[in-house]
Amino acid sequence: SSVPPENLLAMSVAACLMRTCLRLAVDQGIDLLGFTAAAHVDGGCDAQALRISLAARLVTSKGVPESSLRALWDRAVRKSPVAVVLGAALDTELEVTRLSEPSARTP
């Protein structure tokens, strides 16, 4: 593959966290409208230690408290198999976007 191994690692971390977060959201009845993540590996094959930075964004309606989304994310990081293996080598940050409910249409 022409994709560098560190990019494959970053993608797998983001995908595993996404799957874990989405599963937990369904289990908890949280309606997520969107999930995006960008991961980056600091260091490469020659580095003494790798650091992986992951920035995620959860999108939901205004009806879901931001504190619930942050708690959901914290649980996802603790439960994600890849995140658990990486431990302290993984840095995550979360951005929450809450959208207004669409106004009712009148005929």
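Analyst: Read along the sequence, the chain follows the pattern α-β-β-α-α-β, which comes to three helices and three strands; helices here are DSSP runs of H or I with at least four residues, strands are runs of E with at least two, and both are numbered from the N terminus. This is a predicted model, in which local features need pLDDT of at least 70 and side-chain atom pairs count only at pLDDT 80 or more, while totals for chains, interfaces and linings use all residues. Residues are numbered from 1 along each chain as its sequence is written, and side-chain values use heavy atoms, with hydrogens and water left out.

The part to look at is helix α1, which covers residues 5-28 and holds Leu8 as well as Thr20. Leu8 is partly exposed, with a relative accessible area of 42%, whereas Thr20 is buried, at 5%; buried means under 20% relative accessible area, exposed over 50%, and partly exposed in between, with a 1.4 Å probe and protein chains only.

Thr20 touches Ala76, Lys79, Ser80 and Pro81, leaving aside residues up to four places away in sequence, where a contact means heavy atoms within 4.5 Å. For the chain as a whole, among contacts between residues at least 6 apart in sequence, 69% join residues at least 24 apart. Of the 107 residues of the chain, 29% count as buried.
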